Amino acid sequence: MRYRTLGGTGIEVSAHCLGTMMFGAVGNPDHDDAVRIIHAALDAGINFVDTADMYSSGESEVIVGKALKGRRDDVVLATKVHFPMGEGPNRGGNSRRWIVKEVEESLRRLGTDWIDLYQVHRPDHTTDIEETLSALTDLVRQGKIRTFGCSTFPAEEIVESHATAERRGLGRFRTEQPPYSILARGIEKSVLPVCRRYGMGVLTWSPLASGFLTGRYRRGGTIDLSTGRAALQPHRFDPSSPLTAAKLEVVEQLVAVAESIGTTLPELAVAFPIAHPAVTSVIIGPRTMDQAERLLKGASLTLDDETLDRIDAIVPPGTDVYPPDGAWTPPSLTELPLRRRPVGERSGA
């Protein structure tokens with residue numbers, strides 16, 4: 001089965017995706033304009049739409065629901081659950097209680113009776129993976145979702161989920177949605193090989209590396225921290241940061257590669273993930289019709305071996321120029337009790 005995809009942030013696939021994560025208050029606040037962008041993508045042959053409950057606090061799902069009225073049967077629809085949707089410990093995470101409740105909210109906002117692909121947006125170490133898989137399996141049996149996947153899970157968590165599913169006779173994750181770009185190739189080490197091993201579809205997101213591969217930010221230029229992504233996350237665009245400098249240095253080299261083959265940097269960036277045999281689809285996040293049209297050109301671009309070799313020489317396979325934006329950090333690194341013994345137990349004597 002091969003899908004052309006529209007989503008923000010595929011199951012054996014060609015690479016067309018439109019990121020609905022940018023629709024709503026955080027991105028394009030004009031519902032009618034956002035619907036027009038989705039319709040234009042569908043008319044271009046895209047048939048897979050991906051969103052999430054937390055994008056613009058549910059507003060993105062509402063926009064997608066409006067856009068799919070009268071066209072629902074022609075589209076494979078995906079959304080996600082995990083991030084908090086309100087105050088309190090019971091309004092987020094991967095527990096049965098929250099998944100069962102929130103799927104109903106997503107169905108309501110989307111205006112549909114079923115979700116084709118329901119994804120767990122991040123790992124949750126406060127909930128046993130068996131509980132999560134059990135809840136999702138029940139939703140499949142109830143007909144509320146057709147199948148389910150995960151997003152931004154490390155390789156070891158994916159392996160554990162499959163082992164648990166087999167041991168307990170539960171449904172398993174069928175897809176993974178990781179960040180992947182020329183500037184962030186870390187998933188090539190383990191995540192992509194693991195997904196191939198288990199026959200999982202892979203829908204990658206952030207091919208433009210949060211805007212650094214649009215060509216908007218160049219070495220020696222100024223970075224406006226008052227608009228766009230830079231305003232939302234200024235620390236990621238700080239001109240004085242060594243990470244920012246490293247990204248801009250690579251951008252200059254990639255611009256030269258793009259120009260040498262007669263294409264643009266954004267088109268090169270979108271085409272790059274598609275070349276990997278484990279990748280099912282590439283998610284883009286346009287806010288305007290012009291952005292959507294320009295990015296979709298990259299989906300039809302074929303990169304030859306010489307071009308890919310040049311990219312490998314600039315950013316070696318499996319390496320990250322910077323930690324991918326929005327990637328998951330395990331509690332073993334962030335919670336002191338998980339990496340420091342009590343003071344009285346730290347001596348080897």
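Buried here means under 20% relative accessible area, exposed means over 50%, and partly exposed lies in between (1.4 Å probe, protein chains only). This is a predicted model, where local features need pLDDT of at least 70, side-chain atom pairs count only at pLDDT 80 or more, and totals for chains, interfaces and linings use all residues. Residues are numbered from 1 along each chain as its sequence is written, and side-chain values use heavy atoms, with hydrogens and water left out.

With a relative accessible area of 7%, Thr152 is buried. Though not a glycine, Thr152 has a positive phi of about 60°. You will find Thr152 in the loop between β5 (145-151) and α5 (155-168); helices (H or I, at least four residues) and strands (E, at least two) are DSSP runs, numbered from the N terminus. Ser210 is also not a glycine and has a positive phi, of about 55°. Ser210 lies in the loop between β7 (201-204) and α7 (228-232) and counts as buried at 6% relative accessibility.

## Aromatic pairs

The structure holds 6 aromatic pairs. Rings of Phe, Tyr and Trp (its six-membered ring) pair if their centres lie within 6.5 Å; planes under 30 degrees apart count as stacked, over 60 as edge-to-face and the rest as tilted. Phe153 and Phe173 are edge-to-face, because their ring centres are 5.6 Å apart and their planes stand at 75°. Phe153 sits in the loop between β5 and α5, and Phe173 in the loop between α5 and β6 (175-177), 20 residues apart. Both Phe153 and Phe173 are buried.
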